Amino acid sequence: MPNSRSSPVYASSASPAYDSYASSSSPSSENIIYGSSSSSYTPPRKAWVDPKSLANCGDASQIQGNVSPYVKQLILNTFIAYGAGDEHCFGHSVAKAVKFIDISAHESYERQGRMEATTVAEVLVSKSMLNGAGMLHGGCMAFLIDNTPLVALGLIKNINGVGVTQSMNIMFHSPAPVGSCLRIISTSVAMGSRIMSARCEVINQKTGSVVASAYLNKMQPTMSKL
């Protein structure tokens, strides 16, 4: 059976597999999924968090992957504004330590060409992330896993992918002591008009061992209840 990807777990921006999504109007957009300008994205309905409405936070120019620079910046903006918040918010210091490495999308062969998006991020485990036993706290792991690729897929499909977590099932496989460099690989599973799902693996870069794996559901909240 053919593989759904021609590259490892996150695609290179040079991958030719996505030529059909490139804009023909600009040579510089070759192999880029989704438009490269802000005019490409218009939310279909009022959303509780609209990535386009957020101010630019951080530099997305070093993030690899085949989605456009504009999409990468919107995802970074959403992560920093919504995931990290200000210095008084829960998990702020943890979120600020997360570095996005790759944001890509592809057509899944196994799913009859349906789009999937994958984000790859890295974080160095610091002392403030540990439990009393000197290992990465399970609650901190849940916080790291909760940032999903659904925002990216939503931007590509013109659906708001910023949801609240409805459920999360985490399997803890091995401990992560201070100084561990963790790679967080998250892939979209399904995206409906209100319910969205993603899966995630957290891998210790040095040992190659899986630290945790997870499956989570998110949903669009009812605006009147916020």
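This is a predicted model: local features need pLDDT of at least 70, side-chain atom pairs count only at pLDDT 80 or more; totals for chains, interfaces and linings use all residues.
**Exercise 1.** Determine how the axes of α1 and α4 are oriented to each other, and in which hand α1 passes α4.

*Solution.* 
Step 1. The two axes come within 10 Å and cross at roughly 135 degrees.
Step 2. Angles over 145 degrees count as roughly antiparallel and those from 65 to 115 as roughly perpendicular, while under 35 degrees they are roughly parallel; the rest are oblique.
Step 3. α1 and α4 are therefore oblique to each other.
Step 4. The crossing of α1 past α4 is right-handed.

**Exercise 2.** List which residues make the contact between α1 and α4, and sort them into nonpolar, polar and charged.

*Solution.* 
Step 1. On the side of α1, the residues are V71, L74, I75 and T78; on the side of α4, they are V151, A152 and L155.
Step 2. Sorted by kind, the residues of this contact give six nonpolar, one polar and no charged.
Step 3. Val, Leu, Ile and Ala count as nonpolar.

**Exercise 3.** Describe the surroundings of T78.

*Solution.* 
Step 1. T78 belongs to helix α1, which spans residues 69–84.
Step 2. Its relative accessibility is 3%. Buried means under 20%, so T78 counts as buried.
Step 3. Apart from neighbours within four places in sequence, T78 is in contact with P51, L54, G83, V151 and V162. One of these, V151, is also among the α4 residues that make the contact with α1.

**Exercise 4.** Decide whether α4 is largely enclosed or open, and name what covers its buried residues.

*Solution.* 
Step 1. In α4, the buried residues are L150, V151, A152, L153, G154, L155 and I156.
Step 2. Seven of the eight residues of α4 are thus buried, so the helix is largely enclosed by the rest of the structure.
Step 3. The cover over these buried residues includes the helix α1 and the strands β1 (99–108), β2 (114–124), β4 (181–191), β5 (195–204) and β6 (210–219).

**Exercise 5.** Locate N158 and state what sets its phi apart.

*Solution.* 
Step 1. N158 lies in the loop that runs between α4 (150–157) and β3 (164–172), just after α4.
Step 2. Most residues other than glycine have a negative phi.
Step 3. N158 is not a glycine, yet its phi is positive, at about 60 degrees.
Step 4. With a relative accessible area of 30%, N158 is partly exposed.

Note on methods. Residues are numbered from 1 along each chain as its sequence is written. Side-chain values use heavy atoms; hydrogens and water are left out. Helices (H or I, at least four residues) and strands (E, at least two) are DSSP runs, numbered from the N terminus. Buried means under 20% relative accessible area, exposed over 50%, partly exposed in between (1.4 Å probe, protein chains only). Contact means heavy atoms within 4.5 Å. Axes are lines fitted to C-alpha atoms, for helices over the stretch in contact, and angles run from 0 to 180 degrees between N-to-C directions. A crossing is left-handed if the near helix is turned anticlockwise from the far one by less than a right angle, and right-handed if clockwise.
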